[in-house]
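Open the model in a viewer and keep the sequence panel beside it.

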Amino acid sequence: MLEALDLDRVQQQVYEALVDGAVTVSELRAAAGVGAARVRAALAALERLNLVGRFPADRGSRGAERYLPVAPEIAFESLLLAREEEIHRTRRHIQHLAARFRAQAAGRDPLELVEIVTGRAAVIRQVDQLQRSARAEIRGIDRPPYANSDPDRLDPKTGMMPVQAQMLRRGVNYRVIYDTDGLATSHRFDTDIGAAAELGEDARVMADTPTKMLIADDCMALIPLRAAPNELASSVVVHPSGLLEVLCDFFEVLWGRALPISEYLSGRSPGAPDGPTAQEAKLLALLATGLTDQVMARQLGISYRTFQRRLHGLMGRLGATTRFQLGMRAASLGWLPQSGAPEPRPNRQV
């Protein structure tokens, strides 16, 4: 855990052994399981970092020097502050480089504004890299085919991509439009989409989206090379340019037409206290997508029969005899997600 402060494995073992009560080289050898020479080298390095103090041998100890650790909250504070300052300097330099890059973008060769990524593994790496590059927001259109759907690429508990979960926890905002084809074949409201909603992803649903897309801030986009590929084996990376601006605006138009679902999936359904339960809200959100009953039952992680029972129970609660009536009455009560106008975008730094 201390590698970030440039302590190697033996130095960490020696320091932790000191914390646990070992004080002499022989005790440290036994605790760390390494030779005396490596223990002494580690102690010397720890002394230089002011993490350890050396004390003369007590009488009767046969000349064995004692080493005592500096309290961790004191010892590592200066190292942490120095590392944080180093990170700040690096970030400022990266921002300076980014400003220089944007300043030169207008005069670049048009061929340099896009690049082709070929091969499934390369596409997966580019997807991860694009997400990690974001500082404020990721926008995406999610639809088949998928390059990263192997089980070993997904979190075994939630089904999410680990990179997305990491970025959401870091505070990067995600706005994602899910195509109904992906909902019918790959994604689950009760696993990956629901888990993303719990972490703060703002999700919407739309049928017949025109393409897959991933946009990091207003700085980079990734789209398939072919309009309707059978498999995602090649993609186009779009750098700051007029094309990138068009893709960003195109996403916002689709976003304004898509159906919001995140609040319903995460149990944060809007409305009065006597509004739908979390279970009812998810069912209503699914009904609005136009998916089949079988797919909706699978999305909720329940059997078809249980789905039908819940649906008819909700219809009875609202006094509806048909699904059309159910939709009308739920909408009049504010129980259904509503599409909204595109949100105003800040001035781009492209």
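Start by selecting β5 and β6, which run parallel and are joined by five bridges. Helices (H or I, at least four residues) and strands (E, at least two) are DSSP runs, numbered from the N terminus. Across this pair, Asp179 stands opposite Met206 in β6. The model is predicted: local features need pLDDT of at least 70 and side-chain atom pairs count only at pLDDT 80 or more, while totals for chains, interfaces and linings use all residues. Residues are numbered from 1 along each chain as its sequence is written, and side-chain values use heavy atoms, with hydrogens and water left out.

Stay on β5 and color by burial. Six of the seven residues in β5 are buried (buried is under 20% relative accessible area, exposed over 50%, partly exposed in between, with a 1.4 Å probe and protein chains only).

For an antiparallel pair, select β7 (residues 213-216) and β8 (residues 220-224), joined by three bridges. Ala216 stands opposite Met220 in β8.

Two loop residues come next. Asp217 is in the loop between β7 and β8, and its phi is near 50°, a positive value in a residue other than glycine. Asp217 is buried, with a relative accessible area of 16%. Asp208, in the loop between β6 and β7, is not a glycine either, yet has a positive phi of about 60°. Asp208 is exposed, at a relative accessible area of 68%.

Move to helix α7 (residues 162-169) and pick Gln164. Is Gln164 buried or exposed? Gln164 is buried, with a relative accessible area of 9%. Its side chain makes a polar contact of 2.5 Å with that of Glu201 (a pair of N or O atoms within 3.5 Å; within protein, one must be able to donate a hydrogen and the other to accept it, and residues adjacent in sequence count only if both atoms are side-chain atoms). Beyond four places in sequence, Gln164 is in contact (heavy atoms within 4.5 Å) with Gln131, Tyr174, Ala196 and Glu201.

Now select the largest nonpolar core, where Ile138, Phe307 and Leu326 touch the most other members out of 52 residues. Such a core is a set of buried Ala, Val, Leu, Ile, Met, Phe, Trp, Tyr and Cys residues joined through side-chain atoms within 4.5 Å. Helix α6 (residues 120-133) gives the largest share of this core, five residues. A second, separate core has 20 residues, including Leu7, Ala22, Tyr67 and Leu79.

Finally, zoom out. The protein chain has 15 helices and ten strands, and 43% of its 350 residues are buried.

Methods
Pairing = 2+ DSSP bridges.
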